[in-house]
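We will go from the whole chain to single pairs of residues, one stop at a time.

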Amino acid sequence: MKPIGPYVAARDLGGDPTAAVRTLRATDRLTGMPVLLHVLPHAAPLPELPDSPALLRPSEGGMDGETAYIVTELPPHAHPARDPLLAARGGLEGLAALHAAGLTHGGVSAAQLWSVDGQVALAGAALPWGGDPTPEGDVRALLGALETLGELPPSLRDRPEGATAQDLLTRLDAPQEAPPLRATSPAEAGAEPTPDPAPTDEPDAPPPLVVTTVPAEVAPEPSPTPEPPRVAPPPPPPTSRRRLGEDVRITWNPDGTRRVVKPGQEATTAPRRETRRPTWLWPLLALLAVLALAAAVWAWRSGGGADATTATRTAASVPACCTLTFAVNGEAPGPVRLSVVRAPAGANLKAGTQVGTAPGEVTLPAPGEYVLRVAAEGYAPAQVTVTAPSAVPVTIDLAP
């Protein structure tokens, strides 16, 4: 790790070895925040870039002896782009904004593509990379960087010659055309089939989908030996619930139900059952109420001294507030230790207290902003600022 000004360079991100500008991943020694350092061949002012979310803007520049550098701040959870489709959209948006403002990048590579909150932004624009940069060269360099991440998106493979960044961005965002449908009428269904079309030179062209409608009425072919029609047996006659000539009277029970009374029977009222509660129920309930009241009074009188103990046990049983997830990029001989540099007032943590190791989950006692010291065997310690609670994992990069 090499100090450059107030920053510590962690590793060289590579790129074009013949370029005059080097791209380094570094850390602010004061705040522990990650930054990009572009080491320049000579001192240069900060470039004036167009206002676009697809461009990472430099924040400051400086000199460390004879070394000139420009700093670009990174969000805490930014990482190098890995998805070719997201990198293509972000890179083309950044180049389109630069070229529309009359500027060029000059050093597009995978080291300049950074994923921030699900979108990719382009860094290192309009720096003195050397040579004679052109918009066409920027587009070719971006496509080459995308091939190092994976396969190019299908809409960018068969691109026309001389296509600009805005042209490729339009092709990337254009919806895919669906294959045409061809319907055959009932009259055409009985006609002779047409020969298949000649194969085209396009290998990816999908075959057309043919939908044939069948005529509604089709005359059945005569059977040589017709079978006699099957006659279903007639349904049985409906049965009557009473005999003809039998008088039936309908009465209503006291509970609202209907009752059928045949001759010779009297409409008697069904006795209603009366539910009685046992005589011992009310005295038992009164006794239980008196016992509960006496227990409450005894607990109130004798529980004054136990309030503190109960409160202490309750406070001790309350789980910690916030759990953060830490991830580690790189290899270390052992776990990465996390200790407290500064904690919020409600956390009751002293400086130097170890709160956990990475990778894994670390539980913090109170919400707020924490400054943690990151230490691993074989690496210089660094600091990281986290805010709890947070569902976004914190990534720790270990430089080789």
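Of the 400 residues of the protein, 29% count as buried, where buried means under 20% relative accessible area, exposed over 50%, and partly exposed in between (1.4 Å probe, protein chains only). This is a predicted model, in which local features need pLDDT of at least 70, side-chain atom pairs count only at pLDDT 80 or more, and totals for chains, interfaces and linings use all residues. Residues are numbered from 1 along each chain as its sequence is written, and side-chain values use heavy atoms, with hydrogens and water left out.

**Colour by confidence**

Start by colouring on pLDDT, the predictor's confidence in each residue, from 0 to 100. The average for the protein is 78, and 69% of the residues score at least 70. Select residues 199-220: the pLDDT there is below 50, and beyond near neighbours in sequence this stretch has 18 contacts in the model. A contact means heavy atoms within 4.5 Å. Now select residues 304-319, where the pLDDT is also below 50 and the stretch has zero contacts in the model beyond near neighbours in sequence.

**Switch to cartoon view**

Helices (H or I, at least four residues) and strands (E, at least two) are DSSP runs, numbered from the N terminus. Of the contacts in the protein with a separation of 6 or more, 57% are between residues 24 or more positions apart.

**Stop 1: Thr72**

Select strand 6 (residues 67-73) and look for Thr72 in it. Is Thr72 buried or exposed? Thr72 counts as buried because its relative accessibility is 1%. Show its surroundings: leaving aside residues up to four places away in sequence, Thr72 touches Val35, Leu36, His38, Leu56, Arg57, Pro58 and Ser59.

**Stop 2: two helices**

Two packed helices are described by the angle between their axes and the distance between the axes. Select helix 1 (residues 84-100) and helix 3 (residues 165-173), whose axes come within 8 Å and cross at roughly 145 degrees. Axes here are lines fitted to C-alpha atoms, for helices over the stretch in contact, and angles run from 0 to 180 degrees between N-to-C directions.

Next, show the side chains where they meet. Helix 1 brings Leu85, Ala88, Arg89, Leu92, Glu93, Leu95, Ala96 and His99, and helix 3 brings Ala165, Gln166, Leu168, Leu169, Leu172 and Asp173. The residues of this contact divide into nine nonpolar, two polar and three charged. Here Ala, Val, Leu, Ile, Met, Phe, Trp, Tyr, Cys and Pro count as nonpolar, Asp, Glu, Lys and Arg as charged, and the others, Gly among them, as polar.

**Stop 3**

Move on to an open sheet of three strands in the order 17-14-20, with mixed pairing. Two strands pair if DSSP finds at least two bridges between them. Strand 17 and strand 20 are the edges, each pairing on one side only, and the twist averages 30 degrees from one strand to the next.

- Strand 14 (residues 322-329) pairs with strand 17 (residues 360-364) in the antiparallel sense over five bridges; Phe326 has Gly360 as its bridge partner in strand 17.
- Strand 14 and strand 20 pair in the parallel sense over four bridges. Ala327 stands opposite Thr395, and Asn329 is partnered by Asp397.

In a regular strand the side chains alternate between the two faces of the sheet. Select strand 20 (residues 394-397): Val394 and Ile396 lie on a covered face, Thr395 and Asp397 on an uncovered one.

**Stop 4**

The last stop is an open sheet with antiparallel pairing and the order 16-15-18-19. Its edge strands are strand 16 (354-358) and strand 19, and neighbouring strands are turned by 35 degrees against each other on average, direction ignored.

- Strand 15 (residues 336-342) and strand 16 run antiparallel, joined by four bridges; find Ser339 opposite Gln354.
- Strand 18 (residues 368-375) and strand 19 (residues 382-388) run antiparallel, joined by seven bridges; Glu369 has Thr387 as its bridge partner.

Finish at the hairpin that strand 18 and strand 19 form, with six residues between them. Select Gly378 in its turn, which has a positive phi of about 90 degrees.
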